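Subject: Structure for your review

Dear colleague,

Please find the structure we discussed placed below, together with its sequence. My notes on what was found follow directly after it.

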Amino acid sequence: MASSGAKKVRSKEKPGKSPAVLPTLTPSERVDLLRKMVLIRRFEQKAAQAFMQAKIKGFCHLYIGQEAVAVGSISTLNPTDAVITAYRDHGHALARGMSSRECMAELFGKITGCSRGKGGSMHFFNKEKHFHGGHGIVGGQTPLAAGIAFAQKYKGTGEVTVCYLGDGAVNQGAFHESLNLAALWKLPVIYVIENNEYAMGTHQSRSSAGYPLVKRADGYDMAGITANGNDVDDVREKMWDAVQLARTESLTSLVEVKTYRYRGHSMSDPGNYRTKEEIAERKKESEPISFFKERLYKEKALTEKEYEEIERVAVAEAEDSIAFAESSPEPEVATVFEDIFAPEDQIRSFVRRLEVNHGCDHDAGGAQPGVE
Ligand SMILES: Cc1ncc(C[n+]2csc(CCOP(=O)(O)OP(=O)(O)O)c2C)c(N)n1
Ligand SMILES: [Mg+2]
């Protein structure tokens with residue numbers, strides 16, 4: 001079944017859930033997809049500038065070039081469906097409807113950030129939006145997604161889970177264990193491989209046996225679906241099939257989306273493993289924002305003037321998010337000890353030891369966690 005498109009979707013639909021046929025978007029809804037892609041691009045360009053000015057610390061992995069994947073796929077979901085991804089998470093969070101302000105403030109490590117400044121770039125999170133992170137361990141989100149989907153099925157909510165991962169995660173044991181259990185237990189989860197060809201500086205041809213990667217669906221007898229990640233419409237269409245399989249039949253799918261990242265693996269990657277010509281060539285062939293913009297021009301859904309306005313608004317929103325992040329307060333030191341997944345008494349004894357060893361009172365802002 002792999003790579004031959006989705007298994008035929010039956011119309012055995014739960015009442016009150018999504019329609020069986022991919023809804024045709026109005027011209028203005030189509031322009032909204034473009035608007036989201038442009039916002040993600042401008043948001044990340046502003047974040048990159050702030051990183052270079054050392055206003056953002058730690059890791060920062062940009063999604064530039066891959067915007068059509070998150071925007072197209074998330075546009076097929078209901079607001080209560082679950083989304084989970086790896087560390088390259090800014091695009092998914094914004095596509096999910098998280099605000100630029102809460103995302104930028106998180107990058108700045110501020111208390112107003114979506115994870116109260118504790119997660120940074122790799123650990124965006126928003127419970128109300130059903131956005132379950134932001135995960136730094138390659139493949140680490142894949143068993144969590146199976147667990148979320150298990151809960152959805154157990155509770156009979158009719159919701160589905162979409163789990164994004166990179167091409168570098170497909171050989172992780174956790175990924176295979178997750179696919180196995182998800183298929184065996186018929187969990188409503190869609191695993192989306194965002195194949196941007198590289199895992200850090202390693203091209204996929206040097207790390208993976210068995211192409212295309214979507215063939216891994218065969219081993220678990222699940223639908224294997226391929227999409228063009230530079231074409232937001234194609235992503236929507238293919239994802240829709242997978243979402244319907246999950247929603248109406250509680251079946252797991254593996255979707256491989258072919259994409260490409262234009263920036264380094266992270267902000268500190270000099271990119272010596274590929275040439276500038278390769279990147280330029282790929283942009284020329286299939287830059288997802290220009291590609292979709294041109295299509296909308298042809299459909300007469302958008303004029304050049306309207307596009308300029310989309311750009312202006314996106315830049316203004318990104319700048320506003322920077323101003324918000326800069327003017328937001330730092331978290332109080334005491335918040336370090338909040339929201340921790342550990343028994344209360346262990347946290348208390350850790351704080352006591354810090355105070356004894358370093359003579360600091362964490363409430364007064366003097367503790368140095370992690371210095372033991
Ligand atoms: C288990 C584990 N091994 C290694 C790393 C180091 N590491 C961070 S990102 C990365 C590459 C992952 O590439 P891919 O899955 O293709 O995602 P992309 O960066 O292309 O989005 C590696 C090896 C890690 N974070 N976790
Ligand atoms: Mg990759």
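Helix 1 and helix 9 (residues 288–298) pack with their axes 10 Å apart, at an angle of about 155°. Since angles over 145 degrees count as roughly antiparallel, helix 1 and helix 9 are therefore roughly antiparallel to each other. The crossing of helix 1 past helix 9 is left-handed. On the helix 1 side, the residues involved are Arg-30, Val-31, Leu-34, Met-37, Val-38 and Arg-41, and they meet Pro-288, Ile-289, Phe-292, Lys-293 and Leu-296 of helix 9. Sorted by class, this contact of helix 1 with helix 9 comprises eight nonpolar and three charged residues, with no polar ones. Please bear in mind throughout that this is a predicted model.

Helix 1 itself covers residues 27–52, 26 residues in total. From its first C-alpha to its last, helix 1 reaches 38 Å, close to the 38 Å expected at 1.5 Å a residue. Just after helix 1, Ala-54 takes a positive phi of about 60°.

Helix 1 also packs with helix 2 (residues 67–74), here at an angle of about 140° and with the axes 9 Å apart. Helix 1 and helix 2 are therefore oblique to each other. Helix 1 passes helix 2 in a right-handed crossing. In this pairing, Leu-33, Lys-36, Met-37, Ile-40 and Arg-41 of helix 1 meet Glu-67, Ala-68 and Val-71 of helix 2. The class count for the contact of helix 1 with helix 2 is five nonpolar, no polar and three charged residues. You will find Met-37 and Arg-41 listed in the contact with helix 9 and again in the contact with helix 2.

The crossing of helix 5 past helix 6 is left-handed. Helix 5 contributes Thr-142, Pro-143, Ala-145, Ala-146 and Ala-149 to the contact, while helix 6 contributes Ala-174, Phe-175, Glu-177, Ser-178, Leu-181 and Ala-182. By class, the contact of helix 5 with helix 6 has eight nonpolar residues, two polar residues and one charged residue.

Turning to the ligand, which residues are the closest to ligand 1? They are Val-138, Gly-166, Gly-168, Ala-169 and Ala-199, out of 13 residues that surround ligand 1. The shell around ligand 1 holds six nonpolar, five polar and two charged residues.

- The peptide bond from Tyr-211 to Pro-212 is cis, with omega near -10°. Pro-212 is placed in the loop between strand 5 (202–203) and strand 6 (223–228).
- His-130 has a positive phi of about 60°, although His-130 is not a glycine. His-130 is found in the loop between helix 4 (100–107) and helix 5.

Yours sincerely

Notes
Residues numbered from 1 in each chain as written. Chains lettered and ligands numbered in written order. Predicted model: local features only at pLDDT ≥ 70, side-chain atom pairs only at ≥ 80, totals over all residues. Left-handed = near helix turned anticlockwise from the far one by under 90°. Helix = DSSP H or I, 4+ residues; strand = E, 2+ residues; numbered from the N terminus. Contact = placed C-beta atoms within 7 Å. Nonpolar A, V, L, I, M, F, W, Y, C, P; charged D, E, K, R; others polar. Near = placed C-beta within 6 Å. Expected span 1.5 Å × (residues − 1). Axes fitted to C-alpha atoms, helices over the stretch in contact; angles between N-to-C directions. Parallel < 35°, antiparallel > 145°, perpendicular 65-115°, else oblique.
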